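Here is a short note for a first look at this protein. Please keep the structure open while reading the points.

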Amino acid sequence: MARKKAKAEEADTEGTGGAEAGADAGAGAAGRKKKLIVIGAALAVLLAGGGGWWLFLKPKPELIAAQAAVPKPSSFVDLPEMTINLSTQPQERQQFLKVKIALEVADAKIGDEIKPVMPRVLDTFQVYLREMRATDLDGSAAMYRLKEELMRRVNVAIYPAKIEAVLFKEVLVQ
């Protein structure tokens, strides 16, 4: 009977030991699954971050090309100083506009093309500016509109050549 009792105790310890071993094996498998999930999540975050960097922070081809292109220096064509009689009402005091203008061109070749037609450019300016009143020249918005209109008129006068900008060196209304 002692033998039966010893075998029963042995079976109990093996059974519990076996259950504990099975539990440890199950816990080990669950632990490995958790580790794989954490590693997979970490890899997903790293891949997403790398993809985001690639999309948003990689150098853009347009910017690389723009940086590689060396800008050509502009060239300027000075016009002679002009004094223009502004349009006034008969009872008003006569007013004059004294202006020094430079034309910005992309390169010196265009400046050379403009010089032979300079009388046409000056005539265009004189005709347009004589119709202006002193109040038409008040404020920065008025000066901007004047620049844009003069640029349009010059480009028509010198076509097919083209200027980039009209620059005021001096503007005086008396």
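In what order do the elements of the protein run from the N terminus on?

1. **Order of elements.** The order is α-α-β-β-β-α-α-α-β, read from the N terminus on. That gives the protein five helices and four strands. Please note that this is a predicted model.

2. **Confidence.** The mean pLDDT of the protein is 80. A score of at least 70 is reached by 75% of the residues. Among the elements, strand 3 has the highest mean pLDDT, at 92. Helix 2 (residues 61-68) has the lowest, at 64. Where pLDDT is low, the predicted coordinates should not be read in detail.

3. **The protein as a whole.** Of the 174 residues in the protein, 23% are buried. The accessible surface is about 12,700 Å². Carbon and sulfur atoms hold 61% of that surface. Take the contacts with a separation of 6 or more: 67% of them are between residues 24 or more positions apart.

4. **Strand 3 and its partners.** Which way do strand 1 and strand 3 run, parallel or antiparallel? They run antiparallel, joined by four bridges. Val77 stands opposite Leu103 of strand 3. Strand 2 also pairs with strand 3 in the antiparallel sense, over four bridges. Here Met82 stands opposite Val99. Strand 4 is joined to strand 3 by eight bridges, and this pair is antiparallel. Ala102 has Leu167 in strand 4 as its bridge partner.

5. **Cover on the strands.** Strand 3 is mostly covered, with seven of its 10 residues buried.

6. **Helix 4, length.** Helix 4 covers residues 118-130, which is 13 residues. From first C-alpha to last it reaches 18 Å. That is close to the 18 Å expected at 1.5 Å a residue.

7. **Helix 4, buried side.** The buried residues of helix 4 are Met118, Val121, Leu122, Thr124, Phe125, Tyr128 and Leu129. Why do the buried residues line one face of the helix? Seen down the axis of helix 4, they fall within an arc of 155°, so one face holds them. They pack against three strands: strand 1 (75-78), strand 2 (82-85) and strand 3 (96-105). They also pack against helix 3 (108-114) and helix 5 (140-157).

8. **Helix 5, length and cover.** Helix 5 has 18 residues, which should span 26 Å at 1.5 Å a residue. Its end C-alpha atoms are 26 Å apart, so the two values agree. Buried in helix 5 are Ala142, Met143, Leu146, Glu149, Leu150, Met151, Val154, Asn155 and Ala157. Their cover includes strand 3, helix 4 and strand 4.

9. Is Asn155 buried or exposed? Asn155 is buried, because its relative accessible area is 16% and the cut-off for buried is under 20%. Leaving out residues up to four places away in sequence, Asn155 touches Ala161, Lys162 and Ile163. Val156 counts as exposed, because its relative accessibility is 59% and exposed means over 50%. Thr124 and Val156 are 32 residues apart along the chain, and their C-alpha atoms are separated by 9.6 Å.

10. **A cis peptide bond.** Which residues does the cis peptide bond join? Tyr159 and Pro160 are joined by it, with omega at about 15°. Pro160 is in the loop between helix 5 and strand 4 (165-173).

Notes: Residues are numbered from 1 along each chain as its sequence is written. This is a predicted model: local features need pLDDT of at least 70, side-chain atom pairs count only at pLDDT 80 or more; totals for chains, interfaces and linings use all residues. Side-chain values use heavy atoms; hydrogens and water are left out. Helices (H or I, at least four residues) and strands (E, at least two) are DSSP runs, numbered from the N terminus. The expected span of a helix is 1.5 Å times one less than its number of residues. Buried means under 20% relative accessible area, exposed over 50%, partly exposed in between (1.4 Å probe, protein chains only). The arc is that of the directions from the helix axis to the C-beta atoms. Contact means heavy atoms within 4.5 Å. Accessible areas come from the Shrake-Rupley method with a 1.4 Å probe; for residues, only the protein chains shown count as cover. pLDDT is the predictor's confidence in each residue, from 0 to 100. Two strands pair if DSSP finds at least two bridges between them.
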